[in-house]
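I opened my notebook on a new structure today. The entries below follow the order in which I looked things up.

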Amino acid sequence: MLSVDELQERIRATLAAHQQQEQEHVPLDQAQGRILAQEMISNVNIPPADVSAMDGYALAEAAQADSVFSVIGESIAGKPFEGAVQAGQTVRIMTGAVVPAQCRCVIMQEHVRREADRIVLTKDCREGANIRRAGEELRGGDAVLYTGRCLNAADILLLASLGIAQVPVFKKLRVAIFSTGDELLAVGETLSREGQIYDSNRAMICALLRRLPVEIVDMGLIADDIEAIKVALAQAGQDCDAVITSGGVSVGDYDFLKMAVEALGEIHTYKVKMKPGKPFVFGKIGRAVYFGLPGNPVSSYVGMNRLVNPALRQMAHAQALPDLVLHLPLNQDLKKGAGRRDFQRGVMQMGAKGWEVGSASRQDSHRVHGLSSANCLIDLPEEMENPTAGTIVAVHPFFSHFSGGD
Ligand code: AMP
Ligand code: MG
């Protein structure tokens, strides 16, 4: 059986040949979360001219405290001073306004005394002070962002500063998703038979997919019927870049997914030394990559978090990003058997001595409330057994639980 690292590596290597190549242009206001398809080059200088970094006075020359200048006009943002500035003269200037060509420095307004049409410096002002030079940050022709960048709000700010209205991005992946299980009922319907439960996984998987550059093809709920499953898989394998299914990958009598994928496509890997989520099928059907998640909701979630999301990002042509791993002390003993790498649902919090982590609840893989109360996964290595309070463990935070992110 593969380790989690081996499986991740196997997925990475296989998907290198499955990256989205098709591109399109989208308006800048829809570019958030999309993957840049070309290098972006600045076609302007930033700043576009020499501008003031302060509200104050642009001086014709550097000068010492007690020097006197006569005020001959003003330069405000969007409305530069148009005359000439002679020795001994100054122009009132606002932050971001163009510094007149003849001026050598800007003095902050807090460092002058205004007396009618003149100012008296209360501090020295050296050559070049408080002037942001044209092109100081970026020059026309500079590359600013590269192919594979997942565009965030700061990137949108940068592109808007360059006046770029249409952004070349890779097209969204088409990802099909369906759940299987005769015990399942679509959310919104009324439970009527004993043992019926709601199809909760599909809602969660779609919620995770909405954060990615993905067009979701929701194929709903399919019965535990090998023929129906084959029809759905064959269709998805024709139309989509990836297919995700929930349920039916264990070894029970009604677990048909593995059999159906074997019949129609190929299974690259099955089972991984991971808890929860040991049965995890990675394969292909038609032109699509296939991910078969187990039905247990928490197993499904962990499979999405650790394996499918990064795989889809790679397929979407996003550059690989480092996984943010914190190393925190446990604030309690945990139960853990040797053999499989365990991703326990944890709560990390600020304790008396800094950040620490503990268990979110009991660790069974059907505990949806436990998952919802977690703010991280605690990543316990295969060989570790029953770690005790104080042990330093690896933690993967869930970003949506912390403020200050973008
Ligand atoms: P399976 O992997 O199909 O053997 O399912 C394992 C467990 O997960 C069973 O208890 C199922 O009832 C449950 N399960 C399967 N699919 C879903 C789903 N879509 N939503 C919620 N629970 C599920
Ligand atoms: Mg099932």
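Is Ile267 buried, partly exposed or exposed? I found 21% relative accessibility, so Ile267 counts as partly exposed. The classes I used are buried under 20% relative accessible area, exposed over 50%, and partly exposed in between, with a 1.4 Å probe and protein chains only.

Before going on, I noted the ground rules. I am working on a predicted model, where local features need pLDDT of at least 70, side-chain atom pairs count only at pLDDT 80 or more, and totals for chains, interfaces and linings use all residues. Residues are numbered from 1 along each chain as its sequence is written, chains are lettered from A and ligands numbered from 1 in the order in which they are written, and side-chain values use heavy atoms, with hydrogens and water left out.

**Entry: more on Ile267**

I placed Ile267 in strand S18, residues 266-269. Helices (H or I, at least four residues) and strands (E, at least two) are DSSP runs, numbered from the N terminus. I then listed what Ile267 touches, leaving out residues up to four places away in sequence. The list is Lys258, Val261, Glu262, Val281, Phe282 and Gly283. Contact here means heavy atoms within 4.5 Å. I also checked Lys284, which is 17 residues from Ile267 in sequence. Their C-alpha atoms are 6.5 Å apart in space.

**Entry: the whole chain**

I counted seven helices and 26 strands in the protein chain. The radius of gyration is 30 Å, whereas a compact globule of 406 residues would have one near 22 Å. That radius is taken over C-alpha atoms, and the globule rule is 2.2 Å times the number of residues to the power 0.38. Along the principal axes, the C-alpha atoms fill a box of roughly 95 × 50 × 40 Å.

I looked up burial next. Of the 406 residues, 45% count as buried. Then I took contacts between residues at least 6 apart in sequence. Of these, 71% join residues at least 24 apart.

I noted 40 positive and 48 negative side chains. The centres of the two sets lie 2 Å apart. Lys and Arg count as positive and Asp and Glu as negative, while His and the chain ends are not counted. Each charge is placed at NZ of Lys, CZ of Arg, CG of Asp or CD of Glu.

**Entry: an annotated span**

I checked the UniProt record. Its unreviewed entry lists residues 176-314 as "domain: MoaB/Mog". Such annotations may be inferred rather than shown by experiment; feature names are shortened and positions follow the numbering used here. In the model, this span is 36% helix and 29% strand. Its end C-alpha atoms lie 17 Å apart.

I went to Ala236 in helix H4, residues 226-239. Ala236 has 2% relative accessibility, so it counts as buried. Beyond four places in sequence, Ala236 touches Ala176, Met219, Val243 and Ala288. Tyr254 is 18 residues from Ala236 in sequence, and their C-alpha atoms are 21 Å apart.

I turned to helix H6, residues 297-315, where I found Ser299. Ser299 counts as buried because its relative accessibility is 4%. I compared positions with His366, 67 residues from Ser299 in sequence. The C-alpha distance is 7.9 Å.

Ala311 also lies in helix H6. At 2% relative accessibility, Ala311 counts as buried. Leaving aside neighbours within four places in sequence, Ala311 is in contact with Ile11, Leu15 and Phe291. Ala62 is 249 residues from Ala311 along the chain, and 59 Å separates their C-alpha atoms.

**Entry: backbone exceptions**

Most residues other than glycine have a negative phi, and most peptide bonds are trans. I looked for departures from this.

Pro47 is in the loop between strand S2 (40-41) and strand S3 (51-52). The bond from Lys275 to Pro276 is also cis, with omega near -5 degrees. I found Pro276 in the loop between strand S19 (274-275) and strand S20 (281-285).

Asn130 has a positive phi, near 60 degrees. Asn130 sits in the loop between strand S9 (118-121) and strand S10 (131-132). Its relative accessibility is 26%, so Asn130 counts as partly exposed.

Asn386 has a positive phi of about 35 degrees. I located Asn386 in the loop between strand S25 (376-380) and strand S26 (392-397). Asn386 counts as partly exposed, at 46% relative accessibility.
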